[in-house]
Each structure stands twice: as C-alpha cells, then as structure tokens.
Amino acid sequence: MSGGHEPVLLTEVVEHLAAPTVRRIVDGTVGLGGHAAALLQRLPTVELLGLDRDADALAVATVALQGYGARVHLRQCPFSTLAEAVHDLGWATVDAVLLDIGMSSPQIDTAARGFSFRREGPLDMRMDRRDRTTAAVILNTWSEAELARLFREYGEEPKARAVARAVVARREERPWSHTVELAELLEQVLSRPGARGLQVASRCFQALRMAVNDELGELERGLQAAVEVLAPGGRLAVITFHSLEDRLVKQFIRQEALDCVCPPSCPVCICTKAARLQPLTRKSLTAGAAEVERNPRAAPARLRVAERLVGQRTRAAGSPR
Ligand SMILES: C[S@@+](CC[C@H](N)C(=O)[O-])C[C@H]1O[C@@H](n2cnc3c(N)ncnc32)[C@H](O)[C@@H]1O
C-alpha cells in the first residue's frame, strides 16, 4: 500500500475540530493519517486515538504519524467499537470524533483488494481481511431477490432485478471470482445511451462494497458510540461520499438535536428525551472548485459537524410541547 491520498475537506475539518481546549481526539477512520497529522500538528498537546478496519491503512498511518510519538494510539477495529477503544485507553471522554467514511486511494487502486471495476482482481472488497464475507460470497450465495434488493437499495440501480437475474444465471455456469468479468456482465446488462463504458458498473460495485462491510450498520453504530464518548462541548465531524450515508448522518443529528419526540397528537410532553447534539453545519459542507480540481475524489464528499450538549432535559415532563 502506498501513499498518494489527499485528505478531503482538510481545512474545514481542522477549522471545526481544532479548538485550543481540545485534549483528546478519536479519528475513527485514520486511513493514511492525513487528517490526523494535520490535527496533531495544529494542537501540539493533543492525544489522538486512530482506528481503522484495514491493516494496510494502519501500517501506513503508523509510519506517517510516528513523528508524534506517544501522543498517537492506533488500533485495528471498526469505529462502531470506538467507545470500547476509548475506555481501553483509560479515557472517559474525548473532545472530538472524526469519521471520514470513504475509501482510501490505495484501497481503490490496489487490484488485489477487489474494490475497482477497472482493475482485474479477486471479488474481495473486505476492508478488514479477517472478516468472512467477500463480494464473491455474496454473488455466489445470495438469492436473486436478495441481490436485487442490494443493487436497488445500496446501488440505487434502476435495473436491479435484471442485474440480479444475470448474476444468478451466470453463476450456474461457474462461480463468480473476479472483478472484470462482473464489470463486463454489468456493462452488457446496463448499457444505456450516453453511459461511458464500464462506468455503468460503479453503482453495483458500490452496493456490493457496502454490503460486504456493512457500511450503513457501521455508520449507525459509530454515530451512537461517538455521541456516548464525547464530552459536553466536544465535536463530531462526519465526511460521507454517498447520499444514503449523508442522509443517515443528517437524520441522526436532527434526531439527536430534539428535546421532545412525543407524537404531534400529544398535548404535553411525556417523553424523556434530551437533546444531545447541536448541529454546527446547517447544510453539509462540500469541497470547493480548487480542491475538486486538485483531487477529483473530493467531489462527492459531504461534511456535517455537530457539538455535544450537556444532555440534560430543558423541559419538565408534562410541559406544553
Ligand atoms: C477515506 S479513508 C480515510 C482517510 C483519512 N482520513 C486520511 O486523512 O488519510 C477511509 C478509511 O476508513 C476506513 N474505514 C471505513 N469504514 C470503517 C469502519 N467502519 N471502521 C474503521 N475504519 C473504517 C477505511 O479502511 C479507510 O482506510
């Protein structure tokens, strides 16, 4: 795994997370260490816990961050378990959590990882190669209906049923094993006027990757864990690259900002909900033209930031809604 990954929305992340009072940061997707290095450099006394599911990424981060010595703690684990990782270090709370949910450039560019429809490699797509489910396992064992739902829901692919049918028909001849043969089948099934060659394969590859790594489930659990470990005034910053993920983050922050979730028919508040987050970005932040020109992979990125509230109810039960 080589470097070559430019951290996305770096200025915006540092601006929102690097307050002088910050002492402890969790980077839940440390990747190649780009965001982490910028935060460690900006805040000379901060300690950072960097997590990644991918052993190759952690190996690169270890080298990239070695200059920061004992201020850096790195662990191979999914960010859904970040609360355990924080407590294992003896920390009760942290002042900032960053999640940058995309793929790193080396993951995409390394054919043997199987993420790219442009490069011949095994249909793997596991971020953590200790996991059991690969893309080939899904393609060879899921039912046609399950595959159709996967391509429709995660890939937002209009011809999901046709794709699922073709995948199942083809595996009856020989099992799926390699990326380019899948890309070629997708091109045949999905070819539409104006679509550029193998580009049509990208949605279905993305859907498979999301399923292999349970990416939406991870995000949901990771957001919950982040709010639990953030100290009052601490900040959560999340960068997503997919509309389903951005929607999940937006709805999570909106829900956590509510002080009452009683149904509209209820004249007085009977719930025990307390707001735990205050959104700091009304709309998601996106990369400017100069960043996208330098780094086209930043184009779909969306950043949302929220601040942890004390978490005490401001309304008494029975007060008007
Ligand atoms: C876009 S890269 C992060 C780049 C990083 N911010 C940097 O500046 O180098 C995303 C990283 O998140 C990791 N990742 C994705 N989902 C994860 C999860 N649920 N738990 C832990 N790491 C995850 C990937 O393995 C990848 O290394």
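Mentor: Two strands pair if DSSP finds at least two bridges between them. Helices (H or I, at least four residues) and strands (E, at least two) are DSSP runs, numbered from the N terminus. This is a predicted model, where local features need pLDDT of at least 70, side-chain atom pairs count only at pLDDT 80 or more, and totals for chains, interfaces and linings use all residues. Numbering runs from 1 along each chain, as its sequence is written.

Trainee: What makes strand β6 and β7 a pair?

Mentor: Three bridges join strand β6 (residues 277–279) to β7, and the rule asks for at least two, so they pair. The two run antiparallel, and Gln278 has Glu307 in β7 as its bridge partner.

Trainee: And how do you know that β5 and β7 pair?

Mentor: Here there are six bridges, in the antiparallel sense. Ala237 is bridged to Val305 in β7.

Trainee: How much of β7 is buried?

Mentor: Six of the seven residues in strand β7 (residues 302–308) are, so the strand is mostly covered. Buried means that 20 or more other C-beta atoms lie within 10 Å of the residue's own; 12 or fewer is exposed, and in between is partly exposed, with C-beta atoms placed from the backbone.

Trainee: Then why is Arg235 called buried?

Mentor: Arg235 has 25 other C-beta atoms within 10 Å, and the cut-off is 20 or more, so Arg235 counts as buried. Arg235 sits in strand β5 (residues 230–240).

Trainee: What does Arg235 touch?

Mentor: Leaving out residues up to four places away in sequence, Arg235 touches His16, Leu17, Ala96, Val305 and Glu307. Contact here means C-beta atoms, placed from the backbone, within 7 Å. Arg235 and Ile25 are 210 residues apart in sequence, yet 9.4 Å apart in space, C-alpha to C-alpha.

Trainee: What makes a residue part of the shell around the ligand, and how many surround the ligand?

Mentor: The C-beta atom, placed from the backbone, has to lie within 6 Å of the molecule. That gives 23 residues, the closest being Pro7, Thr29, Gly31, Gly34 and Asp54. The elements giving two or more residues to the shell are α2 (34–42) and β2 (47–52).

Trainee: How does the shell split by class?

Mentor: The shell has nine nonpolar, nine polar and five charged residues. Ala, Val, Leu, Ile, Met, Phe, Trp, Tyr, Cys and Pro are the nonpolar ones, Asp, Glu, Lys and Arg the charged ones, and the others, Gly among them, count as polar.

Note on methods: Two residues are in contact if their C-beta atoms, placed from the backbone, lie within 7 Å.
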